[in-house]
Amino acid sequence: MAPEQLTNLLAQVDEYDTALRGHIDRVADLSVHTARAMGLSGEALREVMLAGQLHDIGKLFVAREILDKPGRLDPAELAQMQEHSALGEKLVRRVPELAGAAAAVGQHHEKWDGAGYPNGLRGAEIRLSARIIAACDVFDALVTERPYKAAWTTEQALAELQRGTNSHFDPDVVVALIGVLRAEEPLSRAA
């Protein structure tokens with residue numbers, strides 16, 4: 001993706017929702033740190049960076065009322081929210097050289113045990129970049145205040161990641177992410 005295309009997409013996110021843009025930036029940064037800790041470099045690291053920056057781009061197609069809803073989503077709203085990963089993948093896939101990043105965008109809500117969406121992939125069927133982004137995405141969502149919840153402490157979020165190991169998250173990713181967070185605490189998490 002040409003730098004100006006990425007800049008334009010991220011500018012659209014910023015225009016639509018500045019909090020979402022902050023989330024995307026933090027997840028991308030933490031994902032790159034985690035990928036490096038796992039020994040990724042070169043094209044694999046670039047995929048993580050791009051997919052991290054684009055993982056929630058599909059939320060541009062989700063109604064603001066749903067994104068900002070302070071309470072629980074009803075089934076129809078939840079279904080619309082869950083479409084964001086597939087919609088984001090379709091958008092990113094328009095750029096042929098981003099096939100790997102596009103797949104990771106589409107898979108970042110898959111779970112290690114196969115209980116995720118949109119395709120119920122499990123384990124190594126899920127791209128490594130998507131598995132890294134999934135853990136970093138959840139961590140950032142937990143430690144950031146949202147309309148529907150207060151921010152958790154880092155320790156509470158780490159405990160949740162550990163509870164989700166082997167079900168929601170790739171255990172190797174969780175180990176690397178926790179190592180990054182403990183070694184580099186506090187990473188920039190400005191909202």
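Trainee: Which hand does the crossing of α3 and α7 have?

Mentor: A crossing is left-handed if the near helix is turned anticlockwise from the far one by less than a right angle, and right-handed if clockwise. The crossing of α3 and α7 is right-handed. Keep in mind that this is a predicted model, where local features need pLDDT of at least 70 and side-chain atom pairs count only at pLDDT 80 or more, while totals for chains, interfaces and linings use all residues. Residues are numbered from 1 along each chain as its sequence is written, and side-chain values use heavy atoms, with hydrogens and water left out.

Trainee: At what angle do the axes of α3 and α7 cross?

Mentor: Axes are lines fitted to C-alpha atoms, for helices over the stretch in contact, and angles run from 0 to 180 degrees between N-to-C directions. Helices themselves are DSSP runs (H or I, at least four residues), numbered from the N terminus. Here α3 (residues 42–54) and α7 (residues 99–107) cross at roughly 45°, and their axes come within 8 Å. That makes α3 and α7 oblique to each other; under 35 degrees counts as roughly parallel, over 145 as roughly antiparallel, 65 to 115 as roughly perpendicular, and the rest as oblique.

Trainee: Which residues make the contact of α3 with α7?

Mentor: Contact means heavy atoms within 4.5 Å. From α3 come Glu-47, Leu-50, Ala-51 and Leu-54, and from α7 come Gly-100, Ala-101, Ala-104 and Val-105. By class that's 6 nonpolar, 1 polar and 1 charged. Ala, Val, Leu, Ile, Met, Phe, Trp, Tyr, Cys and Pro count as nonpolar, Asp, Glu, Lys and Arg as charged, and the others, Gly among them, as polar.

Trainee: How does α3 pack with α8?

Mentor: The angle is about 50°, with the axes 9 Å apart, so α3 and α8 are oblique to each other. This crossing is right-handed. Glu-47, Val-48, Ala-51 and Gly-52 of α3 touch Ser-129, Ile-132 and Ile-133 of α8, which divide into 4 nonpolar, 2 polar and 1 charged.

Trainee: And what about α8 with α9?

Mentor: Helix α8 (residues 128–143) packs with α9 (residues 154–163) at about 145°, axes 9 Å apart, again in a right-handed crossing. Ala-135, Val-138, Phe-139, Leu-142 and Val-143 in α8 meet Thr-154, Ala-157, Leu-158, Glu-160 and Leu-161 in α9.

Trainee: Which residues of α9 are buried?

Mentor: An α-helix has 3.6 residues a turn, so residues three or four places apart point the same way. In α9, Thr-154, Ala-157, Leu-158 and Leu-161 are buried (under 20% relative accessible area; exposed is over 50% and partly exposed in between, with a 1.4 Å probe, protein chains only). They span an arc of only 100° around the axis, which puts them on the same side of α9; the arc is that of the directions from the helix axis to the C-beta atoms.

Trainee: How exposed is Ala-86?

Mentor: Ala-86 lies in helix α6 and counts as partly exposed because its relative accessibility is 31%.

Terms used: Helix = DSSP H or I, 4+ residues; strand = E, 2+ residues; numbered from the N terminus.
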